[in-house]
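Hi,

Here is the model I promised to pass on. Have a look at it first, then read my notes below.

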Amino acid sequence: MTPWLKGGIMALGAACVLLLAGAFPLVSAPGVYTSGATWLLGAITILLCIVGGWRLATGRRGQLIFGLIFLFFATTGLCMLGQYGAKALEYARIGGPMWAGAVGMACVALTGVVFMAVFGFLCYRVMNTRRLWLSGAHWAVALLGIGAMVDAIYEIRVPVTLPADARTELTELRAEDGTSYPLGFRLRVDDFVVQHYDDATYSLYTFENGRPGPMQQVERRGDTLHLGQERWPVRALKQAPGMPHPFLMIPGQPMRVLVQNPATVRDYCAHIVAFTDHRGRPETHKAELRVNTPFACKDWRFTLSSYRTEGEQTEVLLQARRAPGRFAALCGMVGIIICTTVWCWWRKGGEQP
């Protein structure tokens, strides 16, 4: 066992100890993840991965460098195919004048196919041994670690509350410590749509001497609500200003109110508009912001966290994030997946000359 391999095993054991210390269910210490020991271990791991990848590619280091460059461009072509192909289908579904945009997006997607074919073939010809793919996996781990460390130092996260009134525009972010971060563009929420499951329940409240009495659960059968021998049509419930849910005032004494309880939320999304510029020309970007579908503009990414309703006004809760190490971390993740997959499935003894 070489000294470098011994050092790698020691670093792996130290990483396991730190992970257990930070995630132990009984005496957890999350601060371990941001401690100096973790930073030192991360730096050692990155150094070991770089050295290990370099040593594994002995005699073929030029092939390794060019092979990883070709792999990057081939993966870029795959991303182009996915992104612009999806846009082409979206514009084609709209139809009409958007067909021109669909054709343009499809042409760019085909360019991605060309990138995949050309650079994928070059990568296959250059990265022709299992050791080169294993070396590439080591460098991908190092790239992931570098991206994570850059994010840990320079990442900015700011919670944002923006009303869905199609008027209020966000131009800067203000952190809890009072620091202001200009966005470089304007962002607003034009509309907020909430979809519910069809599982609403109904309750009947009786008021005696101005005070609500015990609540009674009302059963729904088709388009009719039933309580004992009484029945009311569902369409009789009406919405009124200041009332969050549909209700029905039942005449008679004592006074009774039939209320529709809120149904379970199925999905919600915010229709947002960003006013920015590209090379001095103004641009407008419209998008649907969902929980797992963030919106990116310039260096910022906005994620939909939740929402709240104050009377008739809906406020959208967002998370703004600027992560300069994100691109490096994503490249490292993709590299690990591709390199380890090829390394595992490359036929032994099938190396090209």
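A word on the ground rules. This is a predicted model, so local features need pLDDT of at least 70 and side-chain atom pairs count only at pLDDT 80 or more, while totals for chains, interfaces and linings use all residues. Residues are numbered from 1 along each chain as its sequence is written, and side-chain values use heavy atoms, with hydrogens and water left out.

Helices first. Helices here are DSSP runs of H or I with at least four residues, strands are runs of E with at least two, and both are numbered from the N terminus. Helix α2 (residues 36–56) and helix α5 (residues 130–154) have axes that come within 8 Å and cross at roughly 155 degrees. That makes α2 roughly antiparallel to α5. (Angles over 145 degrees count as roughly antiparallel, those under 35 as roughly parallel, 65 to 115 as roughly perpendicular and the rest as oblique. The axes are lines fitted to C-alpha atoms, for helices over the stretch in contact, and angles run from 0 to 180 degrees between N-to-C directions.) The crossing of α2 and α5 is left-handed, meaning that the near helix is turned anticlockwise from the far one by less than a right angle; clockwise would be right-handed.

On the α2 side, the contact (heavy atoms within 4.5 Å) includes Trp39, Ile46, Ile50 and Trp54, and on the α5 side the residues include Leu134, His138, Trp139 and Met149. By class, the residues of this α2–α5 contact split into 15 nonpolar, 6 polar and 2 charged. In that count Ala, Val, Leu, Ile, Met, Phe, Trp, Tyr, Cys and Pro are nonpolar, Asp, Glu, Lys and Arg are charged, and the others, Gly among them, are polar.

α5 also packs with helix α3 (residues 61–94), at an angle of about 70 degrees and with the axes 10 Å apart. That makes α3 roughly perpendicular to α5, and the crossing of these two is right-handed. Gln63, Leu64, Ile65, Leu68 and Leu71 of α3 meet Leu132, Trp133, Ser135, Gly136 and Trp139 of α5. This contact of α3 with α5 has 7 nonpolar, 3 polar and no charged residues.

While you are in α2, click on Ala37, which is found in that helix. Its C-alpha atom is separated by 9.7 Å from that of Ala15, 22 residues apart along the chain. Ala37 counts as partly exposed, at 43% relative accessibility (buried is under 20% relative accessible area, exposed over 50% and partly exposed in between, with a 1.4 Å probe and protein chains only).

Within it, 6 bridges join β4 (residues 202–208) to β5 in the antiparallel sense, and Leu204 stands opposite Gln216 in β5. β5 (residues 211–221) pairs antiparallel with β6 (residues 224–227) over 3 bridges, and Arg220 has Leu225 in β6 as its bridge partner. β5 and β6 form a hairpin with 2 residues between them, and Gly222 in the turn has a positive phi of about 70 degrees.

The other is an open sheet of 4 strands, ordered β2-β3-β10-β11 and again paired antiparallel. Its edge strands are β2 (169–174) and β11 (281–289), each pairing on one side only. Neighbouring strands are turned by 35 degrees against each other on average, direction ignored. Strand β10 (residues 265–278) runs antiparallel to β11, with 9 bridges joining them, and Phe275 has Thr284 in β11 as its bridge partner.

Which backbone angle is worth a look at Ala166? Its phi is positive, about 60 degrees, although Ala166 is not a glycine. Ala166 sits in the loop between β1 (156–163) and β2 and is partly exposed, with a relative accessible area of 32%. Lys298, also not a glycine, has a positive phi of about 55 degrees. Lys298 lies in the loop between β12 (295–297) and β13 (300–310), and at 48% relative accessibility Lys298 counts as partly exposed.

Cheers

Key:
Pairing = 2+ DSSP bridges.
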